[in-house]
Amino acid sequence: MILKVIACDIARREICHCAARSPNLIDLEFLPQGLHDTPARGRDELQRRIEAVPTGAYDAVLLGYGLCSSILKDLRAGATRLVIPRAHDCITLFLGSKERYQQRFTARPGTYYFTAGWLEVPVRRRGEAAAGHGAFMPAQPAARLAEQRAAWIARYGEEAAQFLLEEMQRWTQHYTHGTLIEFDFTRPLRLEEQVRRLCAEKGWEFERIPGDLGLLQRWLDGDWAAADFLEVAPGQKVVPSFDERILMAVPA
């Protein structure tokens with residue numbers, strides 16, 4: 001098949017790794033993690049990218065997003081069907097299944113997960129703050145926080161910027177563990193050193209677990225079992241299902 005991928009930059013390394021191993025021909029397009037800052041605006045941008053896909057050029061458009069702050073809600077398929085992993089957020093993509101995600105969340109809810117993307121995206125977005133998981137790093141120096149606040153003020157205004165800063169600081173206080181999801185091909189990046197340091201600064205317990213790219217690989221290979229992937233046909237849109245399916249398609 002010939003596939004078009006539109007995905008969050010946070011999963012760039014993992015998606016590229018799986019795409020190189022897929023038998024399909026895949027065109028990759030990565031969008032900034034900051035689309036999560038304002039889900040309505042991010043949804044509009046995703047919709048624009050979907051509608052820009054040329055009719056008949058691809059067998060499917062693969063969206064590399066989870067439900068993620070409702071960024072997928074009400075997205076419509078264009079002329080080409082959409083295929084979306086059934087995932088609450090992108091951590092599911094790195095753990096390999098929504099079931100493993102749920103098991104981890106139930107067993108240890110106060111866990112902040114790190115991957116290569118969660119550590120690299122804030123560096124690539126230097127000077128641009130984001131109100132999202134990972135891009136707001138849990139242990140930042142005062143200068144970095146001031147940078148973020150200034151960027152928020154420029155984008156949203158002073159009152160909203162102050163609210164976001166307080167909310168993110170409150171949000172990170174509930175974590176007790178920092179967990180690195182690691183893959184063989186990310187070990188040369190020496191991510192463990194960075195995550196151990198961040199955990200020590202926050203007083204979190206460090207943990208390292210193996211990642212699982214099975215879900216991403218099946219997504220890119222075209223092995224789209226209904227239990228793991230939602231297919232959205234032209235004329236349909238995505239809505240939350242509020243059950244174990246996470247997402248479902250309804251008439252647009």
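## Contacts of Leu72

A contact here means heavy atoms within 4.5 Å. In this predicted model, Leu72 touches Leu46, Leu63, Tyr65, Gly66, Leu67, Ile84, Val238 and Leu247, leaving aside residues up to four places away in sequence.

## Nonpolar cores

Leu72 is among the residues with the most contacts inside the largest nonpolar core, together with Ile15, Leu62, Leu63, Phe94, Trp219 and Leu220. This core has 57 residues, and strand β1 (residues 2–8) gives the most to it, with five residues. Another core, of 12 residues, lies apart from it and includes Ala116, Leu119, Leu191 and Phe206.

## Open sheet

Five strands, in the order β2-β1-β3-β4-β8, form an open sheet with mixed pairing. Because β2 (25–31) and β8 (229–232) stand at the edges with a single partner strand each, one side of each has no neighbour in the sheet. From one strand to the next, the twist averages 20°.

Within the sheet, β3 (residues 60–64) and β4 (residues 82–85) pair in the parallel sense over two bridges. Val61 stands opposite Leu82 in β4.

## Aromatic pairs

There are six aromatic pairs in the structure. Tyr101 and Phe105 are stacked, at 6.5 Å centre to centre and 5° between the planes. The two are four residues apart in helix α4 (residues 98–107), so about one helical turn separates them. Tyr101 is buried at 13% relative accessibility, whereas Phe105 is partly exposed at 45%.

Tyr175 and Trp204 form a tilted pair, 5.7 Å centre to centre with 55° between the planes. The pair links distant parts of the chain, 29 residues apart. Tyr175 is buried at 14%, and Trp204 is buried at 8%. Ring pairs join Tyr175 and Trp204 with Tyr112 and Phe114 in a cluster.

Conventions
Residues numbered from 1 in each chain as written. Predicted model: local features only at pLDDT ≥ 70, side-chain atom pairs only at ≥ 80, totals over all residues. Heavy atoms only, no water. Pairing = 2+ DSSP bridges. Axes fitted to C-alpha atoms, helices over the stretch in contact; angles between N-to-C directions. Core = buried A, V, L, I, M, F, W, Y, C linked by side-chain atoms within 4.5 Å. Buried < 20%, exposed > 50% of the residue type's maximum accessible area, 1.4 Å probe, protein only. Phe/Tyr/Trp six-rings, centres within 6.5 Å; stacked < 30°, edge-to-face > 60°.
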